[in-house]
Amino acid sequence: MKMMKSLLALGIVTLGASAAYAATQGTLGATSTGTADITLTISEQYRISSLQDYTFGTYSGTGNLTSNDDVCVYHNGDGLYTVTATGSGAANAFTVTNGTNTIAYGVSFNDQTGTVGQIALTTGNPSATQSGANVTSSDCSSGGLSANLQVQLLEAALQAAPAGAYTGTVTVVVQTN
Amino acid sequence: MIEIWTFSTQYKRLPKQRPPSSRAKLFNFSALCSVFSLFAFAITALAATQGTLGTSSTGTAEVSVTIPEQFRVSNLQDVSFGTWGGGDLTNNQNTCVYHNGDGSYSITATSSTGSFALQNGPDSLPFEVYFNNTPTPSGGSALAYNSTTSTSGSNTTAADCSAGGLSANIRVRIAEGDLQAANPGAYNATLSFIIQAD
């Protein structure tokens, strides 16, 4: 009796689902019309791409080293997102290393191409909500690049560093705001 | 009369190079190939990765910079003794010697006159140059003309010593005996210091 009740409940649920998404069949007549529902779910999607390496070459001995890269940030819908950057140094610090010594660098992000209005990022901390992501194509092939990522090494840090080849990795995560 | 004479600074001087022999050219070609191989490796090793489409997206970019050995001497001042009125003439000046890393370096001093001597036409007036690797006027050692002296203790923080402070002292001395023996006139010279790898 108990099993019968359960089967009955399951049948009702199935019936309900069928009613919500159910093709209708045409009837016999001079014309006949049938319908079929089409359903699709689009989830929140994000993508960052068009990143380039920041290869500064050999330091001349004076001045800051700054490199800007316009990148593609895509998010369907409202174009809102947050960005989080981390470095490859100790405790995810923004540093490059030659294996022995480190040089700190800064990372700035702009939610449009170019540097006007950019914000400084601190490692591991999500930014405030950014806007203006490309909402058209995930590789920005339509609608264009939508953001800028800047890396800067300051003269004071560069002059205080022993000679050597320094490398590091900056990782950028784009996700829901 | 002894008048103005000046210092000038000079960065590392590169040695003159001979034309390469055919063997050297072959070696250079081989070396060039190696460089290209390294370059290709560098391109492979340093590559940004692009994020994929998803509920979050992660991309990476490599950051690289090469810091070469760097040297700088600065904060040099001209030495104007004016008109001699008797006694030795001595000038001390604290200078900035910068070298990134271990702070070791060598110093070489030369003069526009070919020796440590001021010139007034055919007349010359010898002087002595002392160098101290700390910014204090006492101590230090006499530099031999155009001779390299290895030392340490440069500023390693800022190329202009704006942080870390001045790091050396240069003293110029003209002995009273030489001054008394000199003909009247205006004497001058340009003293050059070369700071480079030790």
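These questions and answers walk through a predicted model, from the contact between its two chains to a few single residues.

Residues are numbered from 1 along each chain as written, and chains are lettered from A and ligands numbered from 1 in the order written.

Q: How many residues does the contact take from chain A and from chain B?
A: Let's start with the term: contact means heavy atoms within 4.5 Å. Counted that way, the contact takes 32 residues from chain B and 46 residues from chain A.

Q: What is the area buried between chain A and chain B?
A: Buried area is the accessible area (1.4 Å probe) that two parts lose on being put together, summed over both. Carbon and sulfur atoms give 52% of it here, and the total is about 3,000 Å².

Q: Which residues in chain A lose the most area to chain B?
A: Three residues together account for 19% of what the chain A side buries. They are Leu51(A), Asp53(A) and Gln159(A).

Q: How many residue pairs are in polar contact between chain A and chain B?
A: A polar contact is a pair of N or O atoms within 3.5 Å; within protein, one must be able to donate a hydrogen and the other to accept it, and residues adjacent in sequence count only if both atoms are side-chain atoms. For polar contacts, with both residues at pLDDT 80 or more, the count is 28 residue pairs.

Q: Which element gives the largest share of the side of chain A that touches chain B?
A: Helices (H or I, at least four residues) and strands (E, at least two) are DSSP runs, numbered from the N terminus. Several elements of chain A each supply at least two residues to this side, including β1 (46-49), α2 (155-159) and β10 (164-175). The largest share, twelve residues, comes from β10(A).

Q: In which sense do β10(A) and strand β2 of chain B pair?
A: Two strands pair if DSSP finds at least two bridges between them. Here Gly168(A) stands opposite Val63(B) in β2(B). Over twelve bridges, β10(A) and β2(B) (residues 56-67) pair in a sense that is antiparallel.

Q: Which residues do salt bridges that share partners join into one network?
A: Side chains of opposite charge can pair when their charged atoms come close. Arg173(B) meets Asp88(B) in a salt bridge of 3.1 Å, N to O, and Arg173(B) also meets Glu128(B) at 2.7 Å, N to O. Arg173(B) in strand β11 and Glu128(B) in strand β8 are 45 residues apart. The network joins Asp88(B), Glu128(B) and Arg173(B).

Q: Is Gln150(A) buried or exposed?
A: Buried means under 20% relative accessible area, exposed over 50%, and partly exposed in between (1.4 Å probe, protein chains only). Gln150(A) lies in strand β9 of chain A. Because its relative accessibility is 9%, Gln150(A) counts as buried.

Q: Which side chain does a polar contact of 2.8 Å join to that of Gln150(A)?
A: Leaving aside residues up to four places away in sequence, Gln150(A) touches several residues, among them Tyr54(A), Thr66(A) and Asn68(A). The polar contact of 2.8 Å joins the side chain of Gln150(A) to that of Asn68(A).

Terms used: This is a predicted model: local features need pLDDT of at least 70, side-chain atom pairs count only at pLDDT 80 or more; totals for chains, interfaces and linings use all residues. Side-chain values use heavy atoms; hydrogens and water are left out. A salt bridge is a side-chain nitrogen of Lys or Arg within 4 Å of a carboxyl oxygen of Asp or Glu.
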